[in-house]
Amino acid sequence: MALTTTKQRRAIGERLAQERRRLNYTELQIAQLLGVQLEVYLQYESGEDDPGIFSMQRLYSIGFDVMFIITGDRYRLVCATGLRRLAN
């Protein structure tokens, strides 16, 4: 049983490509980082395959907004104001 629908995979793939372009990486660079063949990575971006949860940690480590990839919502540092107050 698939955990994601075709529509969800396509949306995740589109956002994955957006993040890759935002950070100026090539498809090949990200495929190498994830340890997959370029063809497999291209299937992630096209929505033909799901990159899976274990890929997200590696993507996060190089600056990808993983919450955006998964949900479509940009990460917001909601506690920044609170942290400044604690520092004072």
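Figure 1. E19 is buried, its relative accessible area being 0%. This residue of the predicted model belongs to helix α1, which spans residues 6-22. The side chain of E19 is joined to the side chain of R74 by a polar contact of 2.5 Å.

**Figure 2. The aromatic pair of Y41 and Y44.** The rings of Y41 and Y44 form an edge-to-face pair, with 6.1 Å from centre to centre and 80 degrees between the planes. The pair is assigned to the edge-to-face class because its planes are 80 degrees apart and the class begins over 60 degrees. Both tyrosines lie in helix α3 (residues 38-46), where a spacing of 3 residues separates them by about one helical turn. Y41 counts as buried, at 0% relative accessibility. Y44 is likewise buried, with a value of 8%. In total, the model contains 2 aromatic pairs.

**Figure 3. A nonpolar patch on the surface.** I53, F54 and I70 make up a nonpolar surface patch, and their accessible area together is about 380 Å². One of these residues, I53, is placed in helix α4, which covers residues 53-61. I53 counts as exposed because its relative accessibility is 60%, and the threshold for exposed residues is over 50%.

**Figure 4. The loop residue N24.** N24 is found in the loop between α1 and α2, the latter helix covering residues 27-34. The phi angle of N24 is near 60 degrees, a positive value in a residue other than glycine. With a relative accessible area of 67%, N24 is exposed.

Figure 5. Read from the N terminus, the order of its elements is α-α-α-α-α-α. Among the 88 residues of the protein, 30% count as buried. Residues counted as buried include E19 in helix α1, as well as Y41 and Y44 in helix α3.

Note on methods: Residues numbered from 1 in each chain as written. Predicted model: local features only at pLDDT ≥ 70, side-chain atom pairs only at ≥ 80, totals over all residues. Heavy atoms only, no water. Phe/Tyr/Trp six-rings, centres within 6.5 Å; stacked < 30°, edge-to-face > 60°. Helix = DSSP H or I, 4+ residues; strand = E, 2+ residues; numbered from the N terminus. Buried < 20%, exposed > 50% of the residue type's maximum accessible area, 1.4 Å probe, protein only. Patch = residues over 30% accessible without salt bridge, like charges linked within 9 Å, V, L, I, M, F, W, Y side chains within 5 Å. Areas by Shrake-Rupley, 256 points an atom, 1.4 Å probe, with all protein chains shown as cover. Salt bridge = Lys/Arg side-chain N within 4 Å of Asp/Glu carboxyl O. Polar contact = N/O pair within 3.5 Å; in protein donor to acceptor, adjacent residues only side chain to side chain.
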